[in-house]
Amino acid sequence: MECTHQDQINPNVKPQANGCVDCLKTGDSCWVAVRKCMTCGYTGCCDSSKNRHARAHFKQTKHPIISANTGSDEDWLWCYIDDEYI
């Protein structure tokens with residue numbers, strides 16, 4: 001299966017923060033990794049983190065595609081809707 005949501009990727013999107021936006025607001029800094037929304041740039045903690053803000057952002061906005069950690073060695077995109085790597 002091939003992701004059908006790649007048209008929602010903004011090639012010029014910039015990360016909103018150098019950490020999880022919502023964790024930073026509450027003073028929580030124990031995220032495992034940060035994911036960037038490829039539609040709006042929201043940065044949220046990954047599913048391995050206790051708060052799972054990246055997934056919560058998807059559920060709220062329906063922005064389907066995230067990227068791996070900003071500034072890390074990881075280089076991938078994930079589509080929540082199609083449940084697959086791009």
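The paragraphs below lead through a predicted model, from its sheet to its helices, cores and salt bridges.

Residues are numbered from 1 along each chain as its sequence is written. In this predicted model, local features need pLDDT of at least 70, side-chain atom pairs count only at pLDDT 80 or more, and totals for chains, interfaces and linings use all residues, while side-chain values use heavy atoms, with hydrogens and water left out.

Helices (H or I, at least four residues) and strands (E, at least two) are DSSP runs, numbered from the N terminus. Two strands are said to pair if DSSP finds at least two bridges between them. On these terms the model has an open sheet of 5 strands in the order β2-β1-β3-β4-β5, with antiparallel pairing. Strands β2 and β5 (84-85) stand at the edges with a single partner strand each, so one side of each has no neighbour in the sheet.

Strand β1 covers residues 34-37 and pairs with β2 (residues 43-45) in the antiparallel sense over 3 bridges. Within this pair, Lys 36 stands opposite Thr 43 of β2. The two strands form a hairpin with 5 residues between them, and Gly 41 in the turn has a positive phi of about 90 degrees. Strand β1 also pairs with β3 (residues 65-67), again in the antiparallel sense, over 2 bridges. Here the bridge partner of Cys 37 is Ile 66. The chain of partners continues from β3 to β4 (residues 77-79), an antiparallel pair joined by 3 bridges. In β4, Trp 78 is the bridge partner of Ile 66.

The side chains of β1 deserve attention next. A residue is buried under 20% relative accessible area, exposed over 50%, and partly exposed in between (1.4 Å probe, protein chains only). Val 34 and Lys 36 point one way from β1, Arg 35 and Cys 37 point the other way, and all are buried.

A nonpolar core is a set of buried Ala, Val, Leu, Ile, Met, Phe, Trp, Tyr and Cys residues joined through side-chain atoms within 4.5 Å. The largest such core has 7 residues: Ala 17, Cys 20, Val 21, Cys 23, Cys 37, Tyr 42 and Cys 45. Apart from it lies another core, of 6 residues, among them Val 13, Ile 65, Leu 77 and Cys 79. In soluble globular proteins, nonpolar side chains tend to be buried together. Contact means heavy atoms within 4.5 Å. Leaving aside neighbours within four places in sequence, Cys 37 is in contact with Val 13, Tyr 42, His 57, His 63, Ile 65 and Ile 66.

Helix α2 (residues 53-61) lies across β1 and β2 and runs at about 120 degrees to β2. For such angles, axes are lines fitted to C-alpha atoms, for helices over the stretch in contact, and values run from 0 to 180 degrees between N-to-C directions. The buried residues of α2 are His 53, Ala 54, His 57 and Phe 58. Seen down the axis of α2, these residues fall within an arc of 150 degrees, so they line one face of the helix; the arc is that of the directions from the helix axis to the C-beta atoms. Their cover includes α1, β1 and β2. The face of α2 turned away from this buried side carries the exposed residues Lys 59 and Gln 60. After α2 comes Lys 62, whose phi is positive, near 65 degrees.

Charged side chains complete the picture. A salt bridge is a side-chain nitrogen of Lys or Arg within 4 Å of a carboxyl oxygen of Asp or Glu, and by this rule the count is 4. One of them joins Lys 25 and Asp 22 (3.9 Å, N to O). Both residues lie in helix α1 (residues 21-26), 3 residues apart, about one turn of the helix. Lys 25 is exposed, at 65% relative accessible area, whereas Asp 22 is partly exposed, at 26%.

Asp 47 takes part in a salt bridge with Arg 52 (3.4 Å, N to O). Asp 47 also forms one with Arg 55, where the closest N and O atoms are 2.6 Å apart. Through shared partners, Asp 47, Arg 52 and Arg 55 are joined into one network. Relative accessibility is 32% for Asp 47, which is partly exposed; Arg 52 is partly exposed at 36%, and Arg 55 is partly exposed at 23%.
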